[in-house]
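Subject: Structure for you to look at

Hello,

Here is the structure I said I would pass on. Please open it first, then read the notes below it.

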Amino acid sequence: MIKTQPHRKMLMFRPADPLTHTVLRVFALLSAAAAGLTGLGLAVFLTPPLQAELPSPWALAAAALFVFGTFAAALFCCVNRLVLRRLAALSPDGCDQHNGPPAEEGTGMLDRIETSLTRHETRIGEQLAQLQSEVSERRAAEQEAKDALAVQTSFLATTSHELRTPLNAMLGLLHLIQIAPDTPPKCKQHARTALSAGQRLLEMVSNTLEAAKLEAKAVTINPHQTDIRRLTRHWLVTAEASLHRRSRDDDVTALLELSPDLDPEYYLDGGRVSQIIGNLTDNASKFTALGKVQIAVSPLAGSKHGLEIRIRDTGEGIPAEVRGQIFERFTQGKQGMSRPHDGAGLGLWICTDLAHLMGGSLELLDAPTAAGFATEFLLKLPLPQAAAL
Ligand SMILES: Nc1ncnc2c1ncn2[C@@H]1O[C@H](COP(=O)(O)OP(=O)(O)O)[C@@H](O)[C@H]1O
Ligand SMILES: [Mg+2]
């Protein structure tokens with residue numbers, strides 16, 4: 001609550017003791033007498049007809065009266081002010097009485113002012129209390145949200161680990177069964193089918209968990225010096241393997257185009273950039289039965305340390321009617337059970353979110369059809385110089 005100061009003191013001086021009253025009155029009377037004498041002397045001295053009629057001692061007396069009166073009036077005025085000030089300073093109620101209203105009127109006014117001040121004070125007090133309660137409510141809500149986020153993040157981390165670990169173990173075993181020389185051909189085929197289904201399941205689980213983490217703002221970007229050539233070479237090999245696994249035609253190939261102007265290392269989160277390139281090349285390989293998938297890396301135009309990474313393919317392309325929504329969650333180029341490829345439609349949404357988290361962007365371009373490309377994605381990463389951080 002706000003504390004009230006006594007207001008009355010500041011408003012007017014009311015002489016409290018009789019002595020002060022008497023002194024003030026005497027000074028007032030003397031001042032008036034001096035002023036009267038001054039006036040009289042002035043009148044007599046300055047009126048020539050009157051002067052002419054008066055004998056000269058009387059004229060002299062009038063002049064003396066004028067001089068004395070003026071002097072006395074000035075003296076009393078000065079003394080009056082000095083005494084008043086001193087009295088005001090000494091008085092417990094200390095203010096100047098001369099300019100203030102009469103005591104009763106002043107008291108009434110003071111009471112009204114005091115009442116109004118008290119009313120305002122009460123209102124301010126109420127508003128302050130309300131604000132304080134709102135602030136504490138918001139703080140509590142914020143803390144609650146933070147706690148919930150912490151629980152959600154830890155749940156996602158645990159779930160992610162608990163789901164991926166056994167799945168990876170199963171996939172590893174299936175791979176071993178598939179390549180073992182003593183596995184009968186029929187079993188090898190079953191193992192291959194189980195492996196591919198398991199990989200799809202792992203991808204779905206990973207994407208779903210990743211999307212939940214992004215939603216919960218639980219994904220952090222940890223940049224470090226990264227060799228972009230090595231990183232993209234890894235995805236070239238993966239795309240190549242994926243293309244040949246999927247397509248019966250030998251006329252599918254994966255290409256990597258690295259600009260000669262690239263720096264040896266870039267300050268970026270290699271894991272996250274790899275995740276984006278992996279998603280895009282996986283899509284490109286999935287939808288390309290004939291032709292090529294190309295990864296092209298060059299310095300970002302207009303940026304000193306940035307990168308632009310293009311992933312193009314000569315596959316079936318994205319239908320014009322879904323191009324506008326392709327980065328939204330659960331968007332599929334071909335809807336329905338008859339579509340030839342799996343997926344929840346989360347990959348591109350995750351890629352865009354990650355690109356934004358790194359201060360970059362992901363766009364779907366109109367692919368250069370002259371080279372036979374049907375789809376082209378452009379990832380732009382304006383990167384900082386490591387030493388600047
Ligand atoms: N390179 C591509 N060529 C053709 N269609 C594509 C390509 N990339 C993405 N798409 C279309 O975009 C849809 C969404 O892709 P994505 O977000 O990666 O989903 P998912 O997580 O299911 O892979 C795909 O189902 C597909 O129809
Ligand atoms: Mg995908």
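I begin with the ligand. An oxygen atom of ligand 1 is 2.8 Å from an N or O atom in the side chain of Asn283, which is a polar contact (a pair of N or O atoms within 3.5 Å; within protein, one must be able to donate a hydrogen and the other to accept it, and residues adjacent in sequence count only if both atoms are side-chain atoms). Backbone N or O atoms also take part: one of Gly345 lies 2.7 Å from an oxygen atom of ligand 1, and one of Leu346 lies 3.1 Å from an oxygen atom of ligand 1. On its own ligand 1 has 550 Å² of accessible area, and the protein covers 97% of that. Accessible areas come from the Shrake-Rupley method with a 1.4 Å probe, and for residues only the protein chains shown count as cover.

Before going on, a note on the basis of all this. This is a predicted model, in which local features need pLDDT of at least 70 and side-chain atom pairs count only at pLDDT 80 or more, while totals for chains, interfaces and linings use all residues. Residues are numbered from 1 along each chain as its sequence is written, chains are lettered from A and ligands numbered from 1 in the order in which they are written, and side-chain values use heavy atoms, with hydrogens and water left out.

Back to the shell around the ligand. There are 20 residues around ligand 1, and those that come nearest are Asn283, Gln332, Gly333, Gly345 and Leu348; a residue is near if one of its heavy atoms lies within 4 Å of the molecule or strand. The shell divides into eight nonpolar, ten polar and two charged residues. Here Ala, Val, Leu, Ile, Met, Phe, Trp, Tyr, Cys and Pro count as nonpolar, Asp, Glu, Lys and Arg as charged, and the others, Gly among them, as polar. Helix 8 gives the most to this shell, with three residues.

As for the chain, its secondary structure comes to ten helices and seven strands. Helices (H or I, at least four residues) and strands (E, at least two) are DSSP runs, numbered from the N terminus. Of the 389 residues, 34% count as buried, where buried means under 20% relative accessible area, exposed over 50%, and partly exposed in between (1.4 Å probe, protein chains only). The chain exposes about 24000 Å², with carbon and sulfur atoms supplying 61% of it.

Helix 10 deserves a look. Eight of its eleven residues (347–357) are buried, so the helix is largely enclosed by the rest of the structure. Among the buried ones are Leu348, Trp349, Ile350 and Cys351. The cover over them includes helix 6 (185–215), helix 8 (270–286), strand 6 (361–365) and strand 7 (375–381). Just after helix 10, Gly359 takes a positive phi of about 80 degrees.

Strand 7 also holds Glu376, which is buried at a relative accessible area of 3%. The side chain of Glu376 makes a polar contact of 3.0 Å with the side chain of Arg310. Leaving out residues up to four places away in sequence, Glu376 touches Arg310, Ile311 and Arg312, among others; contact means heavy atoms within 4.5 Å.

How many aromatic pairs does the count come to? The count comes to one. The rings of Phe327 and Phe377 have their centres 6.1 Å apart and their planes at 80 degrees, so the pair is edge-to-face. The rule takes rings of Phe, Tyr and Trp (its six-membered ring) with centres within 6.5 Å, and planes under 30 degrees apart count as stacked, over 60 as edge-to-face and the rest as tilted. Phe327 is in the loop between helix 9 (320–323) and helix 10, while Phe377 is in strand 7, 50 residues apart. Phe327 is partly exposed at 21% relative accessible area, and Phe377 counts as buried at 6%.

Last, two backbone angles. Most residues other than glycine have a negative phi. Lys217, in the loop between helix 6 and strand 1 (224–226), has a positive phi of about 55 degrees and is exposed, with a relative accessible area of 70%. Phe330, in the loop between helix 9 and helix 10, has a phi near 60 degrees and is exposed at 54%.

Regards
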